[in-house]
Amino acid sequence: MSANMGESEASATPGPTEWGQGQHGVGPWEVEHPGEPAPVDDPRYDPELLAMGDRRNVVDAYRYLRREAIVADIDTRRHALHIAIENFENDANIGTVVRTANAFAVDTVHIVGRRRWNRRGAMVTDRYQHLLHHDTTDSVVAWAAEHGLTVVAIDNTPGSVPLETVELPKRCLLLFGQEGPGVTAAAQAAAVMTCSIAQFGSTRSINAGVAAGIAMHAWIRQHADLSLAW
Ligand SMILES: C[S@@+](CC[C@H](N)C(=O)[O-])C[C@H]1O[C@@H](n2cnc3c(N)ncnc32)[C@H](O)[C@@H]1O
């Protein structure tokens, strides 16, 4: 298991929404706040962003702040919700899962299996999201037990219970499988339950990134304080 705050070579370079083409974000502080002194003495602020403007894909409350200051603020708002996704075959959906986890202020996204994953779908949100790698499903399950988290597997396998009808644990690790094999037998064995998302069409399953978004939002509906949402 290893910690990763998105400082890999892949995410160290500006991404597609980190530095845009000037279509969104704010200009230099002196342009946006004429006559108001720039907070150059506040260490949370980035002098370069204050001088040049901030075009990153961050909410307005975080404009001009250094990445570390943004992470520190999200840390005060994170939920008791963890996400794990099995990555034994290099699942292309992990970026989407990370981006959605960031949006819901998930505590940590756990990548299980292969260390490498396609960051494109994360749209640079991995810079602000705690990520942990585990070699095996047993390892993430043990980590969850050590941290008082109840594991809930998400898949539409036999024996699963409808996500739409269950009460999810507050301190929870939602564990997702990957395209093809789905969630492993080891994950289901360790989980207090496996939850399925109701489907009504012809496909056997939905995209893992979409399933993760639906399940995270189910937790949010049950446990989040909506008065704290942006
Ligand atoms: C594309 S599915 C994989 C396999 C699926 N079990 C099958 O038989 O085709 C990838 C992952 O997305 C999630 N998933 C997809 N559809 C789901 C559903 N209807 N209910 C719960 N999870 C689902 C699960 O975590 C699953 O492991």
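These notebook entries record what I looked up in the structure shown above.

**Ground rules.** I worked from a predicted model, in which local features need pLDDT of at least 70, side-chain atom pairs count only at pLDDT 80 or more, and totals for chains, interfaces and linings use all residues. Residues are numbered from 1 along each chain as its sequence is written.

**Domains.** I first looked up the domain assignment, whose bounds come from an automatic or database source. The chain is given domain 1 (7-11 + 78-228) and domain 2 (29-75). The centres of the two domains, taken over C-alpha atoms, are separated by 32 Å. Domain 1 and domain 2 each give 6 residues to the contact; two residues are in contact if their C-beta atoms, placed from the backbone, lie within 7 Å. On the side of domain 1 that touches domain 2, I noted 4 nonpolar, no polar and 2 charged residues. In this classing, Ala, Val, Leu, Ile, Met, Phe, Trp, Tyr, Cys and Pro count as nonpolar, Asp, Glu, Lys and Arg as charged, and the others, Gly among them, as polar.

**Pro28.** I found Pro28 in the loop between helix H1 (9-12) and helix H2 (29-32); helices (H or I, at least four residues) and strands (E, at least two) are DSSP runs, numbered from the N terminus. Is Pro28 buried, exposed or partly exposed? Pro28 is partly exposed, because 15 other C-beta atoms lie within 10 Å. The cut-offs are 20 or more such atoms within 10 Å for buried and 12 or fewer for exposed, with partly exposed in between, and C-beta atoms are placed from the backbone. Pro28 touches Ala51, Met52 and Gly53, not counting residues up to four places away in sequence. Between Pro28 and Ala51, the C-alpha to C-alpha separation is 5.0 Å, although they are 23 residues apart in sequence.

Leaving out residues up to four places away in sequence, Ile154 touches Leu174, Leu175, Phe176, Val183, Cys195, Ala211 and Ala215.

**Helix H5.** H5 is largely enclosed by the rest of the structure, because 9 of its 10 residues are buried. Those buried residues pack against E2, E3 and H8. Just after H5, Ala105 takes a positive phi of about 50°.

**Strand pairing.** I checked strand E8 (residues 193-196), which pairs with E5 in the parallel sense over 3 bridges; pairing requires at least two bridges found by DSSP. Ala153 stands opposite Thr194 in E8.

**Loop between E3 and E4.** Met123 lies in this loop and has a positive phi of about 50°. Val124 lies in the loop as well, with phi near 75°. Met123 is partly exposed, with 17 other C-beta atoms within 10 Å, whereas Val124 counts as buried, with 24 C-beta neighbours inside 10 Å.

**Ligand.** Which residues are closest to the ligand? Of the 18 residues that surround the ligand, the closest are Gly177, Gly182, Ser205, Ala208 and Ala211; a residue is counted if its C-beta atom, placed from the backbone, lies within 6 Å. The shell has 7 nonpolar, 8 polar and 3 charged residues.
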